[in-house]
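Hi everyone, thanks for making time for this.

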Amino acid sequence: MKLSALVAAAIFSTALALPASAAPAAPAETFPGAPGVITLSGKCAKLVVAKFDATKGCKNELASVTLANGLVTFIFTSDGKALGFQGDGSGIKPASNGNARLPLSLVTTGVGNKMTGEVKVAGFCTFGNPYSGKPIAIECTAESKDSSFTGSFRTGGKLVKKGK
């Protein structure tokens, strides 16, 4: 009986010690990540809606918005107008060269901070992890029954700004 009490005490103390000694290292930041807004700085390389090339006015910031329901939107802006490439974050899969791929279901449009238009699309965004400290690309291509949409953005490798 004393032996079983000793074994039980040893198992109990080992179980208590395990979480502290086997605690995993802090997880690496993932992208697009938890719900919220992340702003990336860099260079808008291309922004085209149908046959309209909005690259010249494209802002050198890109927002990544993740909603609580898992929807992820990459938002490009040009001359005060916004174009968002949206998909379900649970569908993100690995792609080549350490990148990931987000399947798209909608392109959203708006002016300023208000996204008011939606177009059902098929397409994807391919992206790297900006937390790696290296320059990455975010490239989105989508097509609706009437139009095509393309956005390409390259970061400078600097840390990102997080918002709520």
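Let me begin with what I mean by a salt bridge: a side-chain nitrogen of Lys or Arg within 4 Å of a carboxyl oxygen of Asp or Glu. By this rule, the count comes to 2 salt bridges. Please keep in mind that we are looking at a predicted model.

Let's take those pairs in turn. One joins the side chains of Lys 59 and Glu 61, with 3.8 Å from N to O. That falls inside the cut-off, because the rule asks for a nitrogen and an oxygen within 4 Å. How exposed are these two residues, Lys 59 and Glu 61? Lys 59 is partly exposed, at 46% relative accessibility, and Glu 61 is also partly exposed, at 26%.

The other salt bridge is between Glu 139 and Arg 154, and here the closest N and O atoms are 3.1 Å apart. This pair links distant parts of the chain: Glu 139 belongs to strand E9, residues 137-143, and Arg 154 belongs to strand E10, residues 148-155, with 15 residues separating the two. Glu 139 has a relative accessible area of 35%, so it counts as partly exposed. Arg 154, at 42%, is partly exposed as well.

Now let's step back to the whole chain. The protein has 1 helix and 11 strands. Of the 164 residues, 34% are buried. As for contacts with a separation of 6 or more, 47% of them are between residues 24 or more positions apart. The accessible surface comes to about 10100 Å², and carbon and sulfur atoms account for 61% of that.

Which strands does E1 pair with? Among its partners is E3, residues 61-66, in the antiparallel sense over 6 bridges. If you want a place to look, find Ile 38, which stands opposite Ser 64 in E3. E1 also pairs with E10, again antiparallel, over 7 bridges. There, Lys 46 has Ser 152 in E10 as its bridge partner.

Most residues other than glycine have a negative phi. Ala 50 sits in the loop between E1, residues 36-49, and E2, residues 52-53. With a relative accessible area of 38%, Ala 50 is partly exposed.

Asp 79 is another residue of this kind, with a positive phi near 50°. You'll find Asp 79 in the loop between strand E4, residues 71-78, and strand E5, residues 81-88. Asp 79 counts as exposed, because its relative accessibility is 66% and the cut-off for exposed is over 50%.

Let's go inside now. The largest nonpolar core has 26 residues, and those with the most contacts inside it are Phe 74, Phe 76, Phe 85 and Ile 138. Which strands supply at least two residues of this core each? They are E1, E4, E5, E7, E8, E9 and E10. So that you can find them, E7 covers residues 100-111 and E8 covers 114-127.

Some of those names return when we turn to the aromatic rings. A search of the whole structure finds 4 aromatic pairs. In one of them, the ring centres of Phe 76 and Phe 85 are 5.6 Å apart and the planes are at 80°, so the pair is edge-to-face. The reasoning is simple, because planes over 60 degrees apart count as edge-to-face. Both Phe 76 and Phe 85 are buried.

Last stop: ring pairs also link Phe 31, Phe 74 and Phe 127 into a cluster. And Phe 74, you'll recall, is among the core residues with the most contacts.

How values were computed. Residues are numbered from 1 along each chain as its sequence is written. This is a predicted model: local features need pLDDT of at least 70, side-chain atom pairs count only at pLDDT 80 or more; totals for chains, interfaces and linings use all residues. Side-chain values use heavy atoms; hydrogens and water are left out. Helices (H or I, at least four residues) and strands (E, at least two) are DSSP runs, numbered from the N terminus. Buried means under 20% relative accessible area, exposed over 50%, partly exposed in between (1.4 Å probe, protein chains only). Contact means heavy atoms within 4.5 Å. Accessible areas come from the Shrake-Rupley method with a 1.4 Å probe; for residues, only the protein chains shown count as cover. Two strands pair if DSSP finds at least two bridges between them. A nonpolar core is a set of buried Ala, Val, Leu, Ile, Met, Phe, Trp, Tyr and Cys residues joined through side-chain atoms within 4.5 Å. Rings of Phe, Tyr and Trp (its six-membered ring) pair if their centres lie within 6.5 Å; planes under 30 degrees apart count as stacked, over 60 as edge-to-face and the rest as tilted.
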